[in-house]
Amino acid sequence: PSKKIFDLCLKKEIFAPDGYTRNIWTINGTFPGPTLRVTKGDSVKLRIYNELNEETAIHGHGFFQRGTNWYDGVPGQTQCPIPAHSYFEYNFSIPDQSGTYWYHSHFQTQYVDGMIAAFIVDDPNDPYLSKYDEEYVVILQDFYHTEASELLASYLKSTDGDEPVPDCGLINGLGRYNCSRATDGKCKDNSPLAKFKFESGKVYRLRIINAGVFAGFFFSIDQHELELIEVDGTYVKPQKIHRLPINVAQRYSVLVRADKSPSSYWMRSEFMEDCLPDSANETLDDTVKAIVIYDSYPDTPEPDTTAWKDNLIECIDLDPSLMKPCFPQKIPDSDKTFEFTIEFNNNTGYDRAYINNSSYAIKPYDPTLLEIFNGNKEFPVDANVYYIEKKQYLIDTDDGEHPFHLHGHKFWILATGNGTEVNKSEFNTVDPLPRDTTTVPASGWLAIRFIADNPGVWAFHCHIEWHLQVGLVVQFVELPDEIKKLSPPSDWRRLSYTHIINVGRIS
Ligand code: C2O
């Protein structure tokens, strides 16, 4: 194991990812930000240079942060935000995880405006290591032309419950907007698309990440099968599919064989429009494209290949029977059950999301973790705090489609179903899939289970950023007595008590 140090400089810059010019919040001048790559067992230091005129916080999505809860990157829960024009370090290790992860801002709606990137953890014992020759990271996103703060402000005022509809989609930061829809002269047609070079005969591992904020996608490559091998850092038994559903914040690895005639092919990321507001049908091109090019095949003209036709249901995850872990674990019974009921209403005059009748309020609280260290046990109702002790599981009932993410853990997926009656006889306790982000079907339920063995304050939330902003969040205070035995580092304390940190280290 070694120590990997990464310098990450956050800045606002002008980009036109899909041809439309706007401000993008960049990491080291790029969008998406730089892929971070470490090996299982490494310790990681992220040196954050915040050159933005606003606060920030960076979250490593999917990492357990065992013993380092204060570096999980959630303002209001695990840290105070990093002030504008200042410096902060995140230090954690990754002893027991590998695969495809990502990192993003967890400050307000900041990641809608940029600040997302891949985080890959190599594993010398990866069972698939010998099965491929090369690999690519493929980041899918929905993309907006208006800055997120403005979108949020109008969403908060809306009464129809419709979330902001993306303008376009991107693959690895590139897309193509139809500029005839932009009337403000800020758009240039025929924006370049992402290209993936294939060498005939080679096998490629694609690490596919939905780093978007709202939409689910179907990912595919014309005429090429995808062999699924990894789901959110869990190796799964190989399965051949044509179109891969991927919801917000989920990751999959697939193997693709470059065994077709040397030519060029469309890579497609199709919006699941059924789970977007109706207006998306009129305003959104339904397929985001990139180009797969074999060998020295010419770049132009662009491919004329046709899409796979398999019919899949939108707005739900891939069939669980296609995601069987390579190394199934025997899972324990649960000691305690939580039921969470998700509801949206506008009883207060504007749309809010409720979990068990309480809407999480994003307020400038002192971080919950600091409160725990200070011995406080009482939190405002709208902090949505749940104390959890050893070995518990939770059930989530719901009337909307929501990609839920739990920090600090992977959870086992026991079952999902329709209606609100959870059917325990359907629970898979033999070989359930562990992952960190999964979809609660619309008007349906999801049952998950995890072992509460990681002391800390962990967010459990819908990863649709708009839903998070209107309250679809709870926080688990896990093993509070154990938390108190941990000792947070001095720079974290300083940030917590003074809200100032190391200003001056950045020019
Ligand atoms: Cu991807 Cu709460 O995070």
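Q: Before we look around, what counts as a salt bridge here?
A: A salt bridge is a side-chain nitrogen of Lys or Arg within 4 Å of a carboxyl oxygen of Asp or Glu.

Q: Good, and how many salt bridges turn up in the whole structure?
A: A search of the whole structure gives 26 salt bridges. Keep in mind that this is a predicted model.

Q: Let's zoom out for a second. How many helices and strands does the chain have?
A: The chain has six helices and 30 strands.

Q: And what about the overall dimensions, say the box around the C-alpha atoms?
A: Along the principal axes, the C-alpha atoms fill a box of roughly 65 × 55 × 50 Å.

Q: How does the radius of gyration fit with a compact globule?
A: The two agree: a compact globule of 507 residues would have a radius of gyration near 23 Å, and the chain has 22 Å.

Q: What share of the residues is buried?
A: Of the 507 residues, 60% count as buried.

Q: Back to the salt bridges. What does R47 pair with?
A: R47 meets D7, side chain to side chain, with 2.6 Å from N to O. This pair links distant parts of the chain, 40 residues apart: R47 belongs to strand β4 (residues 43-50) and D7 to strand β1 (residues 3-15).

Q: Where does E135 come in, which residue does it bridge to?
A: E135 forms a salt bridge with R207, and their closest N and O atoms are 2.7 Å apart.
A: R207 is buried, since its relative accessible area is 1%. E135 counts as partly exposed, with 22% relative accessibility.

Q: Which residues belong to the salt-bridge network?
A: The network links R37, D122, D126, E135, R205, R207 and E230 through salt bridges.

Q: What about R251, which residue meets its side chain?
A: That is D232, in a salt bridge of 3.5 Å from N to O. R251 lies in strand β17 (residues 251-257), while D232 is in the loop between β14 (226-231) and β15 (234-241), so the pair ties together parts that are 19 residues apart in sequence.

Q: Are R251 and D232 buried or exposed?
A: Both R251 and D232 are buried. For D232, the relative accessible area is 0%, and buried means under 20%.

Q: What can you tell me about the phi of D232?
A: Phi of D232 is near 45°, a positive value in a residue other than glycine. Q108 is another such case: it is not a glycine, yet it has a positive phi of about 40°. Q108 is found in the loop between β7 (99-105) and β8 (116-122).

Q: Switching topic: which residues are joined to P32 and P301 by cis peptide bonds?
A: F31 is joined to P32 by a cis peptide bond with omega about -10°, and T300 to P301 by one with omega about -5°. P32 is in the loop between β2 (22-27) and β3 (36-39). P301 is in the loop between β19 (287-294) and β20 (337-345).

Q: Now the surface. Which residues gather in a patch of negative charge?
A: The patch of negative charge on the surface is made up of D160, D162, D278 and E282.

Q: Where is D278, and is it buried or exposed?
A: D278 is in the loop between β18 (264-271) and α2 (280-283). It counts as exposed because its relative accessibility is 62%.

Q: Where is M272, and is that one buried or exposed?
A: M272 is also placed in the loop between β18 and α2. M272 is buried, with a relative accessible area of 2%.

Q: How far is M272 from A57?
A: Their C-alpha atoms are separated by 30 Å, and M272 and A57 are 215 residues apart along the chain.

Q: Last one, N53: where is it, and is it buried or exposed?
A: N53 is found in the loop between β4 and β5 (58-61). At 69% relative accessibility, N53 counts as exposed.

Methods: Residues are numbered from 1 along each chain as its sequence is written. This is a predicted model: local features need pLDDT of at least 70, side-chain atom pairs count only at pLDDT 80 or more; totals for chains, interfaces and linings use all residues. Side-chain values use heavy atoms; hydrogens and water are left out. Patches are made of residues with over 30% relative accessible area and no salt bridge: like charges are joined within 9 Å, nonpolar side chains (Val, Leu, Ile, Met, Phe, Trp, Tyr) within 5 Å. Accessible areas come from the Shrake-Rupley method with a 1.4 Å probe; for residues, only the protein chains shown count as cover. Lys and Arg count as positive and Asp and Glu as negative; His and the chain ends are not counted. The place of a charge is taken as NZ of Lys, CZ of Arg, CG of Asp or CD of Glu. Helices (H or I, at least four residues) and strands (E, at least two) are DSSP runs, numbered from the N terminus. Buried means under 20% relative accessible area, exposed over 50%, partly exposed in between (1.4 Å probe, protein chains only). The radius of gyration is taken over C-alpha atoms; the globule rule is 2.2 Å times the number of residues to the power 0.38.
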